[in-house]
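This report describes the fold of one protein chain, element by element. Please keep the sequence and the model open while reading.

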Amino acid sequence: MTKEKHSLDLLVIEDNQGDLLLIEDLLHEKIRFPTIKEATCFKDVKRLFEESEPDFDAILLDLTLPDNSGEALLRDVMALAKSTPVIILTGYSDIDFGIKSLSMGISDYLLKEELSATSLYKSIIYSIERKEIYNNLRESEKRYKDLFHLSPEPMWLYDIETLEFLDINDAAIKHYGFSREEFLSMSVLEIEPPEQRKLFEQNHRSKNGGEHSISKGTTIHIKKNGETIKVDLQSNILQFKGKKAVIVLAKDVTDRLNYISEIEEKNMRLQEIAWIQSHVVRAPLARLMGLVYAVNDPATSKVLVSEDEEQQKFYNLILKSAHELDGIIRNIADKADKIKFTNME
C-alpha cells in the first residue's frame, strides 16, 4: 500500500471521539507522517488561531460542534482558515447545503458514512493542489492589478460589445481629468472627438473580431476640460470578469508630435533660405561681377571715361544690384532669426 512520503500538517475539528479515531486511522493508512492537531469545539479553534499563526496543509471540519454549527460555523472557520483548504466531513446528506458550501470556498464536501482512506486522501491532496493553483491565480491577478493600476501611463479596460469602461487606472484618471465614477459611467466613444466616433466603431468591429487581437495606432482624444491630445494606443483582447474586453495602453505623444512638426516647419524654412541663396542671390551677384569685370576691362574703361551717359548707366546698374543684394541678405537674415530651435522636455 503506497503512502504519502511527505508529512502533512492537518487540523481535525471534530467533537465525536469515535469519528475522530476513525479519521485518524484513515489518515495514517495513506499518509506516512501525518501531524494531526485536534479541536473539539469552535472556541478551541479560535484560540489556536489567535495564539499563533498555524500553517496547516488542510482542515477537516465537522459541521456540528457544541458551541457552533452549520453555516455560521462554516463562515467562522473559513474566516480563520484564509488560504488553507477546508474539507467538510459530515454525517448528514444535504445536497443543497453541500453546493452552497462549495460556493463559499469549501474545497470538498464528504459524507462520513462513505468515507474511506483512499477517498479522504485524494480529497486532501486534490484540495491542496487546487488551493495552490487558486493562490497562484490570485497572485497572478494581483500582479496584473499592480501593473495595471501602478502603471505611469494611462490604461483602461472596456467591454468589447458595449464599449463601456470596465476599469481604469490612476494615471488615466489624473491625465484625462475624469473621476473613476465618471469613467465607469462612460463609453470609450466619449473621449473620442465627435467627428471620428463613427470611424472608431467601424475600425473597432474590423479589428476585434478574433479572440486575441493586438492593435496599435495614433489618434486624438478629448480630456474633461475640452483639451485635445494626440495619443499612441496599444490594445489587446482578454477576458475580464467573464466578459470579453479590450485592454488599452495610451501614451500622450502630443508634445513629441508637435515638436516633430515644429522641426519639419523649420526645415522647410531652411530649405527656402537655401533656395534663395542658390537662385535669387546669384542673379544680382552675377550682374555685379559682370559690371566689375566691365569696369576693369581697359577697352570698356576708355569708353566709360569718354562717355559720361554710359558711365552713369553702369554706376546705376551696380547700385541697383547692390541694393537688391542687400535686400535679399536682409530677408535671409530675418528668416534665419525666426528659427529658434527648442529642446523637447
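## Basis and overall make-up

The model is predicted; local features need pLDDT of at least 70, side-chain atom pairs count only at pLDDT 80 or more, and totals for chains, interfaces and linings use all residues. Residues are numbered from 1 along each chain as its sequence is written, and side-chain values use heavy atoms, with hydrogens and water left out.

The protein has twelve helices and twelve strands. Helices (H or I, at least four residues) and strands (E, at least two) are DSSP runs numbered from the N terminus. Of the 345 residues, 36% count as buried, where buried means under 20% relative accessible area, exposed means over 50% and partly exposed lies in between, with a 1.4 Å probe and protein chains only. Among contacts with a separation of 6 or more, 58% come from residues 24 or more positions apart; a contact means heavy atoms within 4.5 Å.

## The parallel sheet

An open sheet is formed by five strands in the order E2-E1-E3-E6-E7, with parallel pairing. Two strands count as paired if DSSP finds at least two bridges between them. At the edges are strand E2 (34-39) and strand E7 (108-111), each of which pairs on one side only. Neighbouring strands of this sheet are turned by 20° against each other on average, direction ignored. Axes are lines fitted to C-alpha atoms, for helices over the stretch in contact, and angles run from 0 to 180 degrees between N-to-C directions.

Strand E1 (residues 8-13) is joined to strand E3 (residues 58-61) by four bridges, and the two run parallel. Within this pair, Ile 13 has Leu 61 of E3 as its bridge partner. Helix H1 (residues 17-30) packs on the sheet, where H1 touches E1, E2, E3 and strand E6 (86-90). The direction of H1 makes about 165° with that of E2. E1 also pairs with E2 in the parallel sense, over six bridges, and Leu 8 stands opposite Pro 34 in E2. E1 is mostly covered, with five of its six residues buried.

Helix H2 (residues 42-51) and helix H3 (residues 70-81) have axes that come within 10 Å and cross at roughly 15°. H2 and H3 are therefore roughly parallel to each other; angles under 35 degrees count as roughly parallel, over 145 as roughly antiparallel, 65 to 115 as roughly perpendicular and the rest as oblique. Their crossing is left-handed, a term used if the near helix is turned anticlockwise from the far one by less than a right angle, with right-handed used if clockwise. From H2, Phe 42, Val 45, Lys 46 and Phe 49 meet Leu 73, Asp 76, Val 77 and Leu 80 of H3. By class, this contact has six nonpolar, no polar and two charged residues. Ala, Val, Leu, Ile, Met, Phe, Trp, Tyr, Cys and Pro count as nonpolar, Asp, Glu, Lys and Arg as charged, and the others, Gly among them, as polar.

H3 also packs with helix H4 (residues 95-103), at an angle of about 20° and with the axes 12 Å apart. That makes H3 roughly parallel to H4. The crossing of H3 and H4 is right-handed. Gly 70, Glu 71 and Leu 74 of H3 make the contact with Phe 97, Lys 100 and Ser 101 of H4. These residues divide into two nonpolar, two polar and two charged.

## Helix H5 against H1

The axes of H1 and helix H5 (residues 117-149) come within 9 Å and cross at roughly 75°, so H1 and H5 are roughly perpendicular to each other. H1 contributes Ile 23, Leu 26, Leu 27, Glu 29 and Lys 30 to the contact, and H5 contributes Ala 117, Thr 118, Leu 120, Tyr 121 and Ile 124. The contact has seven nonpolar, one polar and two charged residues.

Ile 125 also lies in H5 and is buried, with a relative accessible area of 16%. The C-alpha atoms of Ile 125 and Leu 8 are separated by 9.7 Å, although the two are 117 residues apart along the chain.

Asp 167 lies in strand E9 (residues 165-168) and is buried, with a relative accessible area of 15%. Not counting residues up to four places away in sequence, Asp 167 touches Phe 148, His 149, Trp 156, Leu 157, Arg 180, Leu 184 and Phe 240.

Gln 239 stands opposite Lys 244 in E12. E11 and E12 form a hairpin with two residues between them, and Lys 241 in the turn has a positive phi of about 50°.
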